[in-house]
Amino acid sequence: MLSLQSPRVLRLADAASVATAAITRIAARVSERPNCVLGLATGRTPLAVYDGLAQCVADGRLSFAGVETFNLDEYLDLPAGHPSSFRAYMAERFFRRVDIDPAKTHVPSGEGRPGDGDRYEAAIRSAGGIDLQMLGIGQNGHIGFNEPGTSFDSRTHVVTLTQATRDANTADFPNGERPPPRALTMGIATILEAREIILLATGTHKADALARAFGASPDTSCPAAALRFHPRVTVICDEEAAPKGSVLANHR
Ligand code: GLP
């Protein structure tokens with residue numbers, strides 16, 4: 001029987017401090033265990049984290065040479081090499097800027113072949129599982145691309161994105177293009193198998209999602225609420241995203 005856990009909370013002044021805290025945690029994990037397995041996220045929130053980690057490598061303070069990475073999700077139905085694919089985002093923002101072995105960087109396939117989800121699960125298992133998973137949160141509470149209503153038992157699967165999520169991500173696409181309607185995402189159970197999770201949230205537009213995730217009893221209407229069943233979650237948020245009157249407001 002799963003029991004509710006209390007997340008550790010780092011409630012910080014601003015988005016820059018959130019990025020610094022995430023960089024510090026990831027760099028510490030990689031330094032302690034140079035061949036660790038990281039779970040990575042896309043979106044706007046982690047951009048400063050990738051900048052900071054790339055800077056650590058440029059300064060000779062950190063190496064990703066032994067690290068293996070698994071991204072949370074990828075759009076389906078985009079032409080190969082599309083600049084708004086998460087593979088392109090990761091290459092540009094992180095992989096090409098550090099000393100990681102490209103063969104150890106995994107992003108779910110966007111090709112939509114039967115069995116892609118199971119193959120991704122198998123690859124995570126054969127790497128020994130994820131040591132540290134970095135997550136963002138959607139305004140509707142999604143983690144990865146697990147939209148509201150997704151079972152907490154879900155594994156890597158194809159999803160139909162909500163209109164709200166496609167609207168939120170339209171700015172990441174070239175002028176006039178809309179995000180595709182489908183994606184392949186790690187499931188919620190897949191995410192919960194990571195040994196440690198950090199959830200980053202910045203800005204007032206994330207406050208409602210955090211309030212629902214860590215407020216009343218968890219249910220599938222807010223996918224991030226599943227994190228309350230994980231024993232080692234750190235929520236790293238800024239003042240704007242920290243919901244007033246919730247559990248996250250009490251851990252300064
Ligand atoms: C996206 C991604 C998530 C991300 C979230 C928030 O759609 N699939 O992994 O965490 O939405 O994105 P942002 O950080 O841009 O607000």
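How far is an oxygen atom of the ligand from an N or O atom in the side chain of Lys206? The distance between these atoms is 2.6 Å, which counts as a polar contact (a pair of N or O atoms within 3.5 Å; within protein, one must be able to donate a hydrogen and the other to accept it, and residues adjacent in sequence count only if both atoms are side-chain atoms). The structure is a predicted model, in which local features need pLDDT of at least 70 and side-chain atom pairs count only at pLDDT 80 or more, while totals for chains, interfaces and linings use all residues. Residues are numbered from 1 along each chain as its sequence is written, and side-chain values use heavy atoms, with hydrogens and water left out.

The surroundings of the ligand can be described next. A polar side-chain atom of Thr45 is found 2.5 Å from a ligand oxygen atom, and for Asn169 the corresponding distance is 2.9 Å. The protein covers 93% of the 390 Å² of accessible area that the ligand has on its own; such areas come from the Shrake-Rupley method with a 1.4 Å probe, and for residues only the protein chains shown count as cover. In total, 13 residues surround the ligand, where being near means having a heavy atom within 4 Å of the molecule. Arg44, Thr45, Asp73, Asn169 and Lys206 are the closest. Sorted by class, this shell holds three nonpolar, seven polar and three charged residues (Ala, Val, Leu, Ile, Met, Phe, Trp, Tyr, Cys and Pro count as nonpolar, Asp, Glu, Lys and Arg as charged, and the others, Gly among them, as polar).

Helices (H or I, at least four residues) and strands (E, at least two) are DSSP runs, numbered from the N terminus. Buried means under 20% relative accessible area, exposed over 50%, and partly exposed in between (1.4 Å probe, protein chains only). Cys237 belongs to strand β10 and counts as buried because its relative accessibility is 0%. His230 sits in the loop between α7 and β10 (233–238). With a relative accessible area of 5%, His230 is therefore buried, and its side chain comes to 2.6 Å from the backbone oxygen of Ala194.

Other residues are partly exposed. Ala211, in helix α7 (residues 207–214), falls in this class because its relative accessibility is 27%. Val158, part of strand β7 (residues 157–160), has a relative accessible area of 44%, so it is partly exposed. Its C-alpha atom is 28 Å from that of Ala207, 49 residues away along the chain.

Two aspartates lie in loops. Asp172 is in the loop between α5 (163–169) and β8 (182–185), and it is partly exposed because its relative accessible area is 35%. Asp172 and Tyr89 are 83 residues apart in sequence, while their C-alpha atoms are 9.8 Å apart in space. Asp77 is placed in the loop between β4 (73–75) and α3 (86–93); its relative accessible area of 47% makes it partly exposed. The phi of Asp77 is near 70°, a positive value in a residue other than glycine. Most residues other than glycine have a negative phi.
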